[in-house]
Amino acid sequence: MAKGDSSVRCFQGLLIFGNVIIGMCGIALTAECIFFVSDQHSLYPLLEATDNDDIYGAAWIGIFVGISLFCLSVLGIVGIVKSNRKILLVYFILMFIVYAFEMASSVTAAVQRDFFTTNLFLRQMLERYQSKSQSNNDDIWKNRGVTETWDRLMLQEKCCGVNGPSDWQKYKSAFRDENNDADYPWPRQCCVMDSFYKPLNLDACKLGVSGYYHSKGCYDLISGPMNRHAWGVAWFGFAILCWTFCVLLGTMFYWSRIEY
Amino acid sequence: DPSLSGSTPLEGSITSSTFTLDQPNGQFNSPDLSDTDDIWLVVAFSNAINNFTAPQSPQGIPHASTFLEKKYYMTIQASRALYSNETNAQDIRILRVGNETSCTVNTCNAPLPGPGPYRVKFLVMNDNGPVAETKWSEDITLIEPEEVSESRAPKSAGTIVIIVILSILLSLLFLALVALLVYTCFDICGTQEISRPEECVQVRRYNTHHTYSTPEAGRS
């Protein structure tokens, strides 16, 4: 054990401070990921249907990584205070494993976020909204999820389609297969409703008279929360990992100077 | 002559099976026409407008059911009173061609069968035959829905930064950990090798009686 030099004490203090920060960031990461997993905007069915829902996997990993970081930071502090080589060795090995998991979570969130384009959600909406295809149970489940989510989105947020109601005109869709064009140029949910959930004026809605239908697209309302979610997991994880790297290197250096 | 509803641009004025015209308000006030005359809308394919001859009697009126053979038909039967000039400013007065999806009579305003292009004109008839008509409109082409294209999403710069930097950090950490473990192992194994005796060395125990006995003697 070094002779109680002030510089050694200072170094110890620094490392303990580093570990405290890691612990607190671990708790923050857990809280952030729980918030994302709880899906306040109920947009999960849209992601599930795109088969690109790894962002939720990344958030789940983030929850457990955060708790582990907190516990390991406590272990690290104990090891540094006691200057015990064995404890610190265990700390290093476990930290490395947690580091690898968090890296996987951060990279996954960043990569998946790049998939979020208007085109992705447009294709999903056109293929699945009100689709009656019965090919397998998975399809039926996804179609139902997409249809319910879009219905709720269009009614509550007063929007229509991904880019606008003309999505239903410009592109072929399952909705068009089920409903004729003259009666349903776009879904009824795009119409302004009265308090009984009936269109205020059906003819005006079908014609596209402003004030009787929703003319703006829903893309911003979908991509906003999802982008924040993805960037939150990715960049916060990245920041934690950079800091943890420095603290680990410092602790390894400290470890190598401990005398038997 | 008829024109698409251009005065108030509406998002739904042209769809893939309907289109919307402005009502010809005030265009039939001429004294040659009477209030009982029927005003019909003639819809024809653009390349068949020369084939159109006005029917000489109400029985010869072509209907939507024969549209594909004859290449024209007449619909939206109205009278001069409906196209009067008294407007209520808030009303939007249009004619939507293709509006009726379920009707049983001959004079149906059924949805159009394809993207066209189409041309329309108005024809005034009474029981004796045609009385007056307008000129043909411009070409009206309906929307043809297409397949939505697949597009690859490019990787953004942020993603590449994250991947590169994290890979570097992880590999450095891995090397440091390996170095640590090797160092530990080397230390422990090294000391063990040195301390493990190759052969048994006899250490003779010397009985140092005489050294102990002297203080005894000294004390007594």
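## Helix packing and salt bridges in a two-chain predicted model

In chain A, helices α1(A) and α3(A) pass each other in a left-handed crossing. Over all chains, the count of salt bridges comes to 10, and several of them are described here one by one.

**Packing of α1(A) against α3(A)**

- Two packed helices are described by the angle between their axes and the distance between the axes.
- Helix α1 of chain A, residues 6–37, packs with α3(A) at an angle of about 160 degrees, and their axes are 7 Å apart.
- The angle makes α1(A) roughly antiparallel to α3(A), because angles over 145 degrees fall in that class.

**Packing of α3(A) against α4(A)**

- Helix α3 (residues 54–82) and helix α4 (residues 85–113), both of chain A, have axes that come within 9 Å and cross at roughly 155 degrees.
- It follows that α3(A) runs roughly antiparallel to α4(A), and the crossing in which α3(A) passes α4(A) is left-handed.
- The contact of α3(A) with α4(A) is made up of 18 nonpolar, 7 polar and 3 charged residues.

- Leaving aside residues up to four places away in sequence, A:I258 touches A:S83, A:N84, A:R85 and A:L88.
- For A:I258 and A:R85, a separation of 173 residues in sequence goes with a C-alpha to C-alpha distance of 7.3 Å in space.

**Salt bridges in chain A**

- Side chains of opposite charge can pair when their charged atoms come close.
- A:R128 and A:D139 form a salt bridge in which the closest N and O atoms are 3.1 Å apart.
- This pair links distant parts of the chain, with A:R128 in helix α5 (residues 118–128) and A:D139 in helix α6 (residues 137–157), 11 residues apart.
- Both partners, A:R128 and A:D139, are buried.

**Salt bridges in chain B**

- B:D139 and B:R119 meet through their side chains in a salt bridge, with 2.9 Å from N to O.
- Distant parts of the chain are linked by this pair, since B:D139 sits in the loop between β6 (129–133) and α2 (157–195) of chain B, and B:R119 in strand β5 (residues 118–126) of chain B, 20 residues apart.
- B:D139 counts as partly exposed at 39% relative accessibility, and B:R119 likewise counts as partly exposed, at 24%.
- A salt bridge also joins the side chains of B:E133 and B:K121, at 2.4 Å from N to O.
- B:E133 is in strand β6 of chain B and B:K121 in strand β5 of chain B, so this pair ties together parts that lie 12 residues apart in sequence.
- B:E133, at 44% relative accessibility, counts as partly exposed, whereas B:K121, at 6%, counts as buried.

**A salt-bridge network in chain A**

- Through salt bridges that share partners, A:D51, A:D138 and A:K142 are joined into one network.

Definitions and conventions: Residues are numbered from 1 along each chain as its sequence is written. Chains are lettered from A and ligands numbered from 1 in the order in which they are written. This is a predicted model: local features need pLDDT of at least 70, side-chain atom pairs count only at pLDDT 80 or more; totals for chains, interfaces and linings use all residues. Side-chain values use heavy atoms; hydrogens and water are left out. A salt bridge is a side-chain nitrogen of Lys or Arg within 4 Å of a carboxyl oxygen of Asp or Glu. Helices (H or I, at least four residues) and strands (E, at least two) are DSSP runs, numbered from the N terminus. Buried means under 20% relative accessible area, exposed over 50%, partly exposed in between (1.4 Å probe, protein chains only). Axes are lines fitted to C-alpha atoms, for helices over the stretch in contact, and angles run from 0 to 180 degrees between N-to-C directions. Angles under 35 degrees count as roughly parallel, over 145 as roughly antiparallel, 65 to 115 as roughly perpendicular and the rest as oblique. A crossing is left-handed if the near helix is turned anticlockwise from the far one by less than a right angle, and right-handed if clockwise. Ala, Val, Leu, Ile, Met, Phe, Trp, Tyr, Cys and Pro count as nonpolar, Asp, Glu, Lys and Arg as charged, and the others, Gly among them, as polar. Contact means heavy atoms within 4.5 Å.
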